[in-house]
Amino acid sequence: MDSQVEDLHRRITGWFAGNARELPWRDAGRTPWGVLVSEIMLQQTPVVRVLPVWTEWLQRWPTPAGLASEPSGEAVRAWGRLGYPRRALRLHAAAKAIVEEFGGEVPSTYPELLRLPGVGDYTAAAVAAFAFGRRETVVDTNIRRVHARAVTGNALPSPSLTAAEMRLAASLLPLDTSDSVAWNASVMELGALVCTARSPRCGECPILDRCAWVAAGRPEPHYTAKGQAWAGTDRQVRGAMMAVLRSADGPVRRELLLHAPVDLAGPRLTADVDPLGALHRLQAPQEQMERALAGLIADRLAAEDAYGVSLPL
């Protein structure tokens, strides 16, 4: 490996040693299960939102067997407002597979981890590296962004992961196993804290003088990144319906979900206190309400019987 790459390794891992956040899934006492839970929760969700849910989750289910013994609906309820609640179902399914196929222990290798429901290439590599200290090419959005700017000179990585990006990541991975784990964590943290998508803090970057993007004059992105809309979308309605189901202590009648009560007047309580009122204050079209409910049932995030709609059993 050439001296320039080794210099990148030295600078970025040195920066990480002095600037890494203290996160429970990085503690010396972390468990592979805790790392797996963190990786699935952190997908498209910031650390600040994940921390309290992760802590409560591990207190309630410190092992995969604990979660596997519960109905999948309890996983969805405990997921709270992290978003993309299908991840809760996948984590529940992964826990059951760990119990049934791996004796209750999280598997330690990339190929075995890929056999778990809901675990893809990134998650398998991350858990193998961060939970078991294996040499794997870990590539998330933060890592791709650092690589794009520092090495290729682009403001942003490609809209979706490319083979060229994977080859670049593999070429930058240190040969030493322990160094590779430190490198993966360090580049990821640099992307999360300094080399951010918007308003990067270049003055704090340990490789500012080596950054190809800065050397090129900080050119604009070669494409326009599209943000995800929320207001008025099916996702918003689904999320509001899920809040109602999570707060209910039994089945909720279909008509109560789909049709607003005659009188929604009175104090405007927060969504946490009055999830049903929050749902109907969206004033979503009837067809969207029905589509959202049908989607939740089809995705097994909700179940319906003669008594009403509830979280899955």
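A nonpolar core is a set of buried Ala, Val, Leu, Ile, Met, Phe, Trp, Tyr and Cys residues joined through side-chain atoms within 4.5 Å; buried means under 20% relative accessible area, exposed over 50%, and partly exposed in between (1.4 Å probe, protein chains only). The structure shown is a predicted model, in which local features need pLDDT of at least 70 and side-chain atom pairs count only at pLDDT 80 or more, while totals for chains, interfaces and linings use all residues. Residues are numbered from 1 along each chain as its sequence is written, and side-chain values use heavy atoms, with hydrogens and water left out.

**Figure 1. Overall view of the chain.** The secondary structure comprises 16 helices and two strands, taken as DSSP runs numbered from the N terminus (helices, H or I, at least four residues; strands, E, at least two). The C-alpha trace spans about 70 × 50 × 30 Å along its principal axes. Of the 313 residues in the chain, 44% are buried. Among contacts (heavy atoms within 4.5 Å) between residues at least 6 apart in sequence, 64% join residues at least 24 apart.

**Figure 2. The largest nonpolar core and tryptophan 33.** This core has 84 residues, and those with the most contacts inside it are Trp33 and Trp57. Not counting residues up to four places away in sequence, tryptophan 33 touches Trp57, Leu58, Trp61, Pro62, Thr63, Pro64, Leu67, Leu91, Ala95, Ile98 and Val106.

**Figure 3. Packing of helix H13 against helix H16.** Helix H13 (residues 234-247) and helix H16 (residues 286-298) pack at an angle of about 65°, with axes 9 Å apart. Axes are lines fitted to C-alpha atoms, for helices over the stretch in contact, and angles run from 0 to 180 degrees between N-to-C directions. H13 and H16 are therefore roughly perpendicular to each other; angles under 35 degrees count as roughly parallel, over 145 as roughly antiparallel, 65 to 115 as roughly perpendicular and the rest as oblique. On the H13 side, the contact is made by Asp234, Val237, Arg238, Met241 and Met242. H16 contributes Gln288, Met289, Arg291, Ala292, Leu293, Gly295 and Leu296. The residues of this contact divide into seven nonpolar, two polar and three charged, where Ala, Val, Leu, Ile, Met, Phe, Trp, Tyr, Cys and Pro count as nonpolar, Asp, Glu, Lys and Arg as charged, and the others, Gly among them, as polar.

**Figure 4. Packing of helix H8 against helix H11.** The axes of helix H8 (residues 121-132) and helix H11 (residues 177-193) come within 9 Å and cross at roughly 120°. That angle makes H8 oblique to H11. Tyr122, Ala129 and Phe130 in H8 meet Val181, Asn184, Ala185 and Met188 in H11. The contact of H8 with H11 involves six nonpolar residues, one polar and no charged.

**Figure 5. Two loop glutamines with positive phi.** Glutamine 44 is placed in the loop between helix H2 (32-41) and helix H3 (47-60). Its phi is near 60°, a positive value in a residue other than glycine, and glutamine 44 is exposed, with a relative accessible area of 59%. Glutamine 283 lies in the loop between helix H15 (275-281) and H16. The phi of glutamine 283 is near 55°, also positive in a residue other than glycine, and this residue is exposed at 70% relative accessible area.

**Figure 6. Surroundings of serine 310.** Serine 310 is found in strand S2 (residues 308-310) and counts as buried at 17% relative accessibility. Its C-alpha atom is separated by 8.0 Å from that of alanine 248, 62 residues apart along the chain. Not counting residues up to four places away in sequence, serine 310 touches Leu245, Pro251, Ala302 and Ala303.
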